[in-house]
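My entries follow in the order in which I looked.

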Number of protein chains: 2
Amino acid sequence: MPSFTAPIPDLQFILHDVLDVSQQDIPGYSDLDRDFTGAVLEEAGKLARDVLAPLNQSGDTEGCVLENGVVRTPTGFDHAFAQMKEGGWTAMDCDPDYGGQGLPYVMHTAAQEPFVSANMAFNMYQGLTHGAYSAIHAHGTDAQKQKWLPKLVSCEWTGTMNLTEPHCGTDLGLMRTKAEPQEDGTYQVTGQKIFISAGDHDLAENIIHLVLAKIPGGPDGIKGVSLFIVPKVMVNDDGALAARNAVSVGKIEEKMGIHGNATCVMNYDGATGYLLGEAHKGMRAMFTMMNEARIGVGLQGYAQAEAAYQNAVAYANDRLQGRAVTGAANPEGPADPLIVHPDIRRNLMDQKSFVEGARALTLWGATLIDQAHKQGDATADGLISLLTPVIKGFQTDKGFEYAVAAQQVYGGHGYIEEWGMSQFARDARIAMIYEGANGVQALDLVGRKLAQDGGKHVMGFFEMIKGFIKENEADAALNAQFLQPLKAASKDLQAAAMYFMQNGVKNPNHALAGSYDFMHLMGHVAFGFMWARMAKVATDALAAGAADATFYETKLATGRYYMTRQLPATAMHLARIESGADPVMALEAVNF
Amino acid sequence: MPSFTAPIPDLQFILHDVLDVSQQDIPGYSDLDRDFTGAVLEEAGKLARDVLAPLNQSGDTEGCVLENGVVRTPTGFDHAFAQMKEGGWTAMDCDPDYGGQGLPYVMHTAAQEPFVSANMAFNMYQGLTHGAYSAIHAHGTDAQKQKWLPKLVSCEWTGTMNLTEPHCGTDLGLMRTKAEPQEDGTYQVTGQKIFISAGDHDLAENIIHLVLAKIPGGPDGIKGVSLFIVPKVMVNDDGALAARNAVSVGKIEEKMGIHGNATCVMNYDGATGYLLGEAHKGMRAMFTMMNEARIGVGLQGYAQAEAAYQNAVAYANDRLQGRAVTGAANPEGPADPLIVHPDIRRNLMDQKSFVEGARALTLWGATLIDQAHKQGDATADGLISLLTPVIKGFQTDKGFEYAVAAQQVYGGHGYIEEWGMSQFARDARIAMIYEGANGVQALDLVGRKLAQDGGKHVMGFFEMIKGFIKENEADAALNAQFLQPLKAASKDLQAAAMYFMQNGVKNPNHALAGSYDFMHLMGHVAFGFMWARMAKVATDALAAGAADATFYETKLATGRYYMTRQLPATAMHLARIESGADPVMALEAVNF
């Protein structure tokens, strides 16, 4: 069975060495000193290692079962969920007015990582609840907040998001679910929703469904969509549970992975719903929490790769096979461990340099969210809006790729479910699809975010990189190994953006045909920037005589790997982008 | 449920337009005229579409079951296997002396493709049998051939390959299975083998296991390994089945995919075995059929991608979601089909241009096998030895990547097993692992094949490409769109080979750290060469006023896509290779 240990020194490195969180002038950040975050992460790591990780494989094998209309989660999930609640892990960044701890989002994000690595399917139950909490917190009336939030914060009740219908996912304007207004101000919600994660289960006494639906007579298409609170069990004004609402589970989908989470078909048969936010503004309400939700999925991408990587390293050190070409490394043994072989190291270094780059980008992104939400910082808000599709799309593509690469280290054993490496790949696969498939992320990036506010945010990103390079180029080693490669990659990204500007206007297909490559190109540049920042602080730490020199030297070596072996991809993506729409659009649909 | 139609026009295009098989001076090729191969492929396509494909998903869901020591295959596999045998599909390229049809290997390969696309797990039962046939045919005594081959040719009996043991896969020198010589000239084989595909089942009355084992007292390591024929059921001299041999199934492995094929732990408890070939030369005996086996796996890679692609195209044409950015393509409908969107096309064109390039390379490789085997052509033999790890490693990596990409077209539905797209990805995954994991293919390519016979074969490959370019560069369009990109890619490959030559001697890690990138770089060059050849014949056909102009124009457009959007990868691979071993080998094992 695979094992998992929370990478606490790596998380602390990002929070303190790179982001220096406790010194940031953001509300709540002054509390985040090294001891505090260390203590929090230590506890999160224990829960992840001792409680969540041991249920990952059994949860996959057992899956969820629909019995008499109720979903039963895998053995042990109930006890683990109780511990998650008791530890207050579900309330960490929630509003203290509703029972939350009011910590910054960056602390929540850092603490979530080990949970997601240890058991992604399990952690989705609270993850979805957090999404429902955010939506009601942002758009609910005071009465709604009082009624629904405390129990969502504590996870006594859990939440879901209901967007997709059988005939529409990305294009929600085609939605058919109806919400008919009643005399008492409530709505009767009728329709079928599919792919509802945590749609039903036995971990909580109530489930609060957030449902997108159309109020008859409203505008056509996406502009006529409203958001509703639809509880599984009705709640009296005194907070007591009342009768069942007209919501039922149609079936549990049989999926490729995340078997421990029930993905449900939900049927609403005139269920009582409460309008959340304004009528016909449902999409806007969903979008306000989109950045956080998508960053959460981007975290899933690298968190699964982290768990897979840890096990691949253990196997590569343990498994004896062949001899190092430069001479036996384990002459007393029958063979050398796999890790002596250059191609095994190439594979592991790919994984390691990805995961650490992703962690840095994700946590930096979380600080931008805090700046935007807690300080109303429009620059931070614009930047994180720009980076969100990159964090989601690039990190989940690569997260899956490297979970597969980690599986490959095991040879034939990687294909056998018993070893657990297949599950990491199967579970990671969903992150490329849900919360907006990665093609849609690329479209959002190129079709919407790039030009937002006159292209201000992407320009700001380029300036930020330029400024960082300028500030640090006096350091010859840093300059040669990190800043110059970053400069070249950033130049490729600027050339790609320029290509879109010059050609996208006359034919938008010239931009959209290159959108996926742009998302990956920008991912590499963002990672290169993160690695340059990490290298800078590692260099400084070593110059200052840091006690743990090996830790910082390892960071530098891993960063150099990323710069030399991964950044060359930017030129390839640029070449593809500059080939334009013609090769992509050449065929008639019937000739595929 | 996914569907499948054999791509007969594409197969015919490669066989006749590109390879012009019936005009080749290779024994048996003169029979392969367009009508003959068309009739054969038509029948193969029917069997694939009507019998094999409908059992693919049910075979995955049902899997194989071990009951009272005997493996039961999924419902319907027995009838399908009977039809496969009756149609003579298992005997196509086998020796007529033993009941085969004696057709060239290229015909066998072309006919296998639809079977593998339709149901990879099912087709492995005959695929493994073909491998056992080849080994006995190449290394058996006349008596052994008479005894075992006819039933393997007809698939009345099936075969297996037993190499891996729990503690060794790639490094077979660590093998523990013993074969002790008996007074009657037989051996008693004792040990455990794992990952034995088609290790047991209910499709045949006997199973002929080919088992690698060590004869006590022989040389240490890999040089002391011998190959044995170990039947499941003993066979009398008159061919009648006798008592069960001491071979049993320990268990069926629970795998990520290919559930329809039983992957068994096999226990040999003093089983009677017959030495095949010379004592202690077992590895050499295995190697003689390695090229064919690996090309067969390379075919699996693209055949799965082909099946996944066909379904992705159908879905992209069917599913209405969003509007074309350049104006509604389906104004009467509620939305446009997915296929109008540039990023969906980018994805589909990636798949299409890969599959067609792979088909060309694989069938060309099959003609080289025929030249080598039927004509003793050492140049062809050297070239196919060089190309084999590329066909296996590159095509299975990309085959999986594009099966995943096809799944992505389905959005959330791609993750639901009911739609069948997950299975293509899960099944394709194994091809990257078995028959030598792809890292081992890269090692074989760079550590062994490149320098073979003084580097003659890779030089020959470069010369062949150079000659082709020279011969055709007068055609301006062909030159600009195909030959110049091919020349640039080939230059990158030569630079990489040069880097290895100059740096690999002083430190072999400089070569091995770049081996995986070299395999992919060479894959792109080989595909670029294939596309240039396909473009040349398509151009000629159009110039000659071919009736099906759309077919040839589609080939040209697909090829242009490959050249502009895929070949830019070669520069990235070269940059990685030229960064050498240092970034890859920098860390101590404990610091991963």
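I began with B:Glu401 and B:Lys398, which both lie in helix α11 (residues 378-409) of chain B, three residues apart, or about one turn of the helix; helices here are DSSP runs of H or I with at least four residues, numbered from the N terminus. Their side chains meet in a salt bridge at 3.3 Å, N to O, the rule being a side-chain nitrogen of Lys or Arg within 4 Å of a carboxyl oxygen of Asp or Glu. I noted B:Glu401 as partly exposed, with a relative accessible area of 37%, whereas B:Lys398 counts as buried at 11% (buried is under 20% relative accessible area, exposed over 50%, partly exposed in between, with a 1.4 Å probe and protein chains only).

Before going on I wrote down the conditions: this is a predicted model, in which local features need pLDDT of at least 70 and side-chain atom pairs count only at pLDDT 80 or more, while totals for chains, interfaces and linings use all residues. Residues are numbered from 1 along each chain as its sequence is written, chains are lettered from A and ligands numbered from 1 in the order in which they are written, and side-chain values use heavy atoms, with hydrogens and water left out.

**Further salt bridges**

I then turned to B:Asp540, which forms a salt bridge with B:Lys536, the closest N and O atoms being 3.0 Å apart. The two are four residues apart in helix α17 of chain B, so about one helical turn separates them. I found B:Asp540 partly exposed at 35%, and B:Lys536 also counts as partly exposed, at 24%. Next I noted that salt bridges with shared partners join A:Asp10, A:Lys352, A:Glu356 and A:Lys555 into one network.

In chain A I looked up A:Asp517 and A:Arg576, whose side chains meet in a salt bridge at 3.0 Å, N to O. A:Asp517 lies in helix α17 (residues 515-543) and A:Arg576 in helix α19 (residues 569-578), so the pair ties together parts 59 residues apart in sequence. A:Asp517 is buried at 4% relative accessibility, and A:Arg576 is buried at 15%.

**An enclosed helix**

How many residues of helix α1 (residues 8-18) of chain B are buried? I recorded nine of the 11, so the helix is largely enclosed by the rest of the structure. What covers the buried residues includes α2 (34-52), α5 (105-118) and α10 (342-375) of chain B.

**Where the chains meet**

I found 91 residues of chain B in contact with 91 residues of chain A, contact meaning heavy atoms within 4.5 Å. The area buried between them is about 7400 Å², of which carbon and sulfur atoms give 62%; this is the accessible area (1.4 Å probe) that two parts lose on being put together, summed over both. B:Tyr415, B:Arg565 and B:Phe592 supply 12% of the area that chain B buries against chain A, more than any other three residues.

Across this interface the rule finds four salt bridges, and I noted that B:Lys251 and A:Glu418 meet in a salt bridge at 3.1 Å, N to O.

Lastly I checked A:Lys352, which sits in helix α10 (residues 342-375) of chain A and counts as buried at 7% relative accessibility. Leaving aside neighbours within four places in sequence, A:Lys352 has contacts that include A:Tyr309, B:Leu587 and B:Phe592.
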